[in-house]
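Here is a short briefing for a reader meeting this structure for the first time. Look over the sequence and the fold, then work through the points by topic.

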Amino acid sequence: MHLFAQDQTDYNAGNRNYKRDIVFVTKYSKWILRSLGIWPSVLKGAARFLPKIAIGIGNFVLLFAIIPCILHIMFEEKDTIIRLKLCGLLSFCISSLLKYWALTARKPKIQNCIEQVETDWMQVELPKDREMMLKYGQVGRNLMIICAAFMYSGGTIYHTIMQYAIGTFIDEHNQTIKPLVYPTYSVLFDVQTSPVYEIVYIVHCMCGYVMYSITVGACGLAALFATHACGQIDIVVSHLNDLVDSKTVETTTILDTRFVAIIEHHLQILRFTAKVEMILREVCFVEFVSSTFMICLLEYYCITDWEQSNTIGLTTYTMLLISLTFNIFILCYIGDLLMEKTSSVGMSCFMINWYNLPSKTIQGLVLVIAMSGSPAKITAGSIVDLSLATFVNVLKTSLAYLSFLRTTII
């Protein structure tokens with residue numbers, strides 16, 4: 001954080017380093033979401049079609065993996081265990097596609113929230129306010145990095161090392177079978193001939209990148225917006241404390257002006273969190289439902305590979321299990337953090353020396369306390385509030401499904 005320390009004289013007219021600060025907190029989210037065509041950008045000429053092209057390619061590679069996989073499971077695969085493994089893979093692909101559609105539909109609102117984040121960074125003036133924003137910006141950045149590290153590591157192992165471990169083999173018809181990341185339907189095309197095999201493998205790798213980027217990008221976007229809101233709330237609380245603890249004698253007019261500015265800032269944060277909740281509503285619902293089943297299936301895959309002494313498979317599925325568990329944990333953690341921070345404004349109003357304020361200002365504080373009684377939340381489809389308690393319930397439910405699954409299969 002010392003890299004961002006500046007003298008107070010540098011803040012006479014807003015944050016002069018706001019461009020560097022914005023890059024610091026949004027860099028990784030911007031990289032990933034821009035490759036998917038989700039991150040808003042101002043492009044001119046033919047380049048303005050690049051986001052739409054990226055979205056089109058992303059949908060194509062996802063559907064290229066999903067449709068043949070469904071046909072293969074329905075008409076060709078007869079082994080129950082293999083079908084179960086393919087169903088886990090298929091559910092992850094479908095959930096990624098649904099999240100991609102949700103993010104694409106919410107792209108204008110994502111742009112509005114990003115513009116609000118940039119405006120807040122531009123307008124911050126006091127060094128201590130900037131430090132608070134950077135503290136939460138660092139939290140969001142770290143969550144994004146950890147999520148990306150786990151997800152891309154597990155995905156890379158699955159698409160490369162695990163396929164290499166399977167290797168080519170001779171089937172019962174004396175034909176050489178090359179491994180594929182996602183199964184295909186043989187009626188559509190003969191995937192074992194060159195260059196069809198190489199093309200399909202490349203498209204499957206592109207599909208893997210899109211799926212993992214959607215998951216990482218959605219979690220990163222949620223972390224960026226939620227931690228930014230938390231930083232803004234800390235600024236509001238700091239200004240509330242300064243309202244009473246100011247050493248200078250202020251007139252009632254100046255005090256009212258400062259209090260109105262605090263209230264407007266608080267309302268702006270609440271409107272921002274409402275937009276964030278709307279953006280993430282469908283994404284969080286898909287993530288909530290899919291994570292419950294995927295964690296259960298990955299636990300089952302780990303157990304079966306452990307019993308079969310399949311080290312590479314066990315390592316791959318363990319990495320993916322950690323990744324998906326951490327993803328839903330991030331969403332639940334930032335939802336819990338946002339609820340805690342927005343409700344803390346009311347407690348801060350009560351804890352300051354409010355009795356030293358004019359009676360009209362005290363009446364305003366009562367309204368702030370009442371508003372804090374309904375804290376901002378991140379919900380899964382407006383059905384379930386995401387919190388740490390919800391994360392525990394997801395783990396409990398997945399373990400219950402695992403027990404049922406093992407009993408049924410055995």
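A residue is called buried under 20% relative accessible area, exposed over 50%, and partly exposed in between. Y28, at 25% relative accessibility, therefore counts as partly exposed. The model is predicted. Its protein chain has ten helices and four strands, and 49% of its 410 residues are buried.

**Overall fold**

- Along the sequence, the elements of the protein chain run α-α-α-α-α-β-β-α-α-α-α-β-β-α.
- The C-alpha trace spans about 95 × 55 × 35 Å along its principal axes.
- Take the contacts in the protein chain with a separation of 6 or more: 77% of them are between residues 24 or more positions apart.

**Transmembrane annotation**

- An unreviewed UniProt entry places the feature "transmembrane region" at residues 53-75, 81-102, 142-161, 199-225, 279-300 and 312-334.
- In the model, residues 53-75 are 100% helix and 0% strand. The end C-alpha atoms of this stretch are 33 Å apart.
- Residues 199-225 are also 100% helix and 0% strand. Here the end C-alpha atoms are 38 Å apart.

**Helix 1**

- Helix 1 covers residues 18-35, which is 18 residues. At 1.5 Å a residue it should span 26 Å, and its end C-alpha atoms are 24 Å apart, so the two values agree.
- At T26, helix 1 bends by about 60 degrees.
- The buried residues of helix 1 are D21, I22, F24, V25, T26, S29, I32 and L33.
- G37 follows helix 1 and has a positive phi, near 80 degrees.

**Aromatic pairs**

- How many aromatic pairs does a search of the whole structure find? There are 14.
- Y28 and W31 form an edge-to-face pair, with 5.3 Å from centre to centre and 90 degrees between the planes.
- Y28 and W31 are three residues apart in helix 1, so about one helical turn separates them.
- W31 counts as exposed because its relative accessibility is 56%.
- Y152 and Y209 form a stacked pair, because their ring centres are 6.3 Å apart and their planes are at 15 degrees. Planes under 30 degrees apart count as stacked.
- This pair links distant parts of the chain. Y152 is in helix 5 (residues 127-166), Y209 is in helix 6 (residues 196-245), and they are 57 residues apart.
- Y152 is partly exposed, with a relative accessible area of 22%. Y209 is partly exposed too, at 39% relative accessibility.
- F150, F326, F329, Y333 and F391 form one aromatic cluster.

- N59 is found in helix 2 (residues 50-75). Its relative accessible area is 14%, so N59 is buried.
- The side chains of N59 and W101 are joined by a polar contact of 2.6 Å.
- Leaving aside residues up to four places away in sequence, N59 touches L97, Y100 and W101.
- T273 sits in helix 7 (residues 252-307). T273 has a relative accessible area of 5%, so it is buried.
- Which backbone oxygen does the side chain of T273 reach? The side chain of T273 reaches that of L270, at 2.8 Å.
- T273 touches A229, L338 and A376, again leaving aside residues up to four places away in sequence.
- T273 and G231 are 42 residues apart in sequence, and their C-alpha atoms are 12 Å apart in space.

**Backbone details in the loops**

- The peptide bond from S194 to P195 is cis, with omega near 0 degrees. P195 is in the loop between strand 2 (176-177) and helix 6.
- S309 is not a glycine, yet its phi is positive, about 55 degrees. S309 lies in the loop between helix 7 and helix 8 (311-351).
- Is S309 buried or exposed? S309 counts as exposed because its relative accessibility is 61%.
- S382 is not a glycine either, and has a positive phi of about 60 degrees. S382 is placed in the loop between strand 3 (379-380) and strand 4 (384-385).
- At 47% relative accessibility, S382 counts as partly exposed.

Definitions and conventions:
Residues are numbered from 1 along each chain as its sequence is written. This is a predicted model: local features need pLDDT of at least 70, side-chain atom pairs count only at pLDDT 80 or more; totals for chains, interfaces and linings use all residues. Side-chain values use heavy atoms; hydrogens and water are left out. Helices (H or I, at least four residues) and strands (E, at least two) are DSSP runs, numbered from the N terminus. Buried means under 20% relative accessible area, exposed over 50%, partly exposed in between (1.4 Å probe, protein chains only). Contact means heavy atoms within 4.5 Å. A polar contact is a pair of N or O atoms within 3.5 Å; within protein, one must be able to donate a hydrogen and the other to accept it, and residues adjacent in sequence count only if both atoms are side-chain atoms. UniProt positions are given in the numbering used here, feature names are shortened, and annotations may be inferred rather than shown by experiment. The expected span of a helix is 1.5 Å times one less than its number of residues. The bend at a residue is the angle between axes fitted to the seven residues ending there and the seven starting there. Rings of Phe, Tyr and Trp (its six-membered ring) pair if their centres lie within 6.5 Å; planes under 30 degrees apart count as stacked, over 60 as edge-to-face and the rest as tilted.
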